[in-house]
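Have a look at the structure below and keep it open while you read. My notes follow as numbered points.

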Amino acid sequence: MKGILFTGGELTDLVSFARLPSYLQTFLREQNGVVAYFGGLHIRGCVAEPSWHSLAAVWQGENAFWRTYDTVVETDIPFAQDCVGNQFLLRGDAVLFLDTETGELADLEVDFKHFLFGAEKFPLDALGMEPLRAFQQRGGVLQPGQLLSLFPPLCIETAQQKPRVQPQTVVTRLAWLADLYRQIRNLPDGQHLQLKPLQE
């Protein structure tokens, strides 16, 4: 992988590690998660700290994705995310893509090995890195523990209003996305979203 900004340290969450499929265990033994492609891909590790890197936090914690998103089930493993906080899940051996704005789930029709291969060969397309590239072209640098915030969200972007892009902590960004999803899911017919940018 190119553009590595962070690698996880020692495997400290052995309970989560023991529940993972063998191919993911093999990967995490070599490097306990990674932030690669200058923030374009974050593969989580089996750690307690830093919490933004913890697989257990988003798999079984209070803010686990299956607790928020109707399309996600408890056994789905949220092993990675892209630069804006969309999630890559393992369901069996299949890699699924969760749009965290809308909750839509798509089967990428690849397994873990071929997901990594696709990301390595075509990172811009495979990882949806256009917002990150635009951010970098304006001199921005994404730090480990940060995602890009897009406002307005992509699901309501118009030709007249391109999203404003800025870095946010992983926890803040994922909380904002979960709140947006809940609003969309519970929106009565004929009502409009009341969106405000979330400040750090």
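1. Start with Val141, which sits in the loop between α7 (130–137) and β8 (146–151). Helices and strands here are DSSP runs, numbered from the N terminus: a helix is H or I with at least four residues, a strand is E with at least two. Val141 counts as exposed, at 54% relative accessibility. As for the cut-offs, exposed means over 50% relative accessible area, buried means under 20%, and partly exposed is in between (1.4 Å probe, protein chains only). Leaving aside neighbours within four places in sequence, Val141 is in contact with Phe135 and Gln146, where contact means heavy atoms within 4.5 Å.

2. Before going on, note that this is a predicted model: local features need pLDDT of at least 70, side-chain atom pairs count only at pLDDT 80 or more, and totals for chains, interfaces and linings use all residues. Residues are numbered from 1 along each chain as its sequence is written, and side-chain values use heavy atoms, with hydrogens and water left out.

3. Now find Phe38. Val141 and Phe38 are 103 residues apart in sequence, yet their C-alpha atoms are 8.0 Å apart in space. Phe38 belongs to the loop between β2 (34–36) and β3 (41–43), and Phe38 is partly exposed, with a relative accessible area of 47%.

4. What is the phi of Phe38? Phe38 has a positive value of about 55°, although Phe38 is not a glycine. Tyr37, found in the loop between β2 and β3, also has a positive phi, near 55°. Is Tyr37 buried or exposed? At 5% relative accessibility, Tyr37 counts as buried. These angles are worth a look because most residues other than glycine have a negative phi.

5. The peptide bond from Glu49 to Pro50 is cis, with omega near -5°. For background, most peptide bonds are trans.

6. Next, the inside. The largest nonpolar core has 33 residues, and Leu20 and Phe79 have the most contacts inside it. A nonpolar core is a set of buried Ala, Val, Leu, Ile, Met, Phe, Trp, Tyr and Cys residues joined through side-chain atoms within 4.5 Å. Helix α5 (residues 112–121) gives the most to this core, with four residues. Not counting residues up to four places away in sequence, Leu20 touches Gln25, Leu28, Cys46, Leu55, Trp59 and Ile77. A second, separate core has 19 residues, including Phe65, Leu89, Leu174 and Trp176.

7. How many disulfides are there? The count comes to zero, taking a disulfide as a pair of cysteine sulfur atoms within 2.5 Å. Cys46 is buried, with a relative accessible area of 0%, and Cys83 is buried too, at 0%.

8. On a 1 Å grid over the protein atoms alone, a cavity is a set of points where a 1.4 Å probe fits but cannot get out; a pocket is an open set with protein on both sides within 12 Å along at least five of seven lines; lining residues have an atom within 4 Å of a point. Grid points are joined across faces, edges and corners, and a volume is the space filled by probe spheres set on the points. Of the 14 residues that line the largest cavity, Val35, Gly39, His42, Gln146 and Leu147 lie nearest its centre.

9. The largest pocket has about 310 Å³ of space. Its lining has 16 residues, with Val58, Asn63, Val171, Leu174 and Ala175 nearest its centre.
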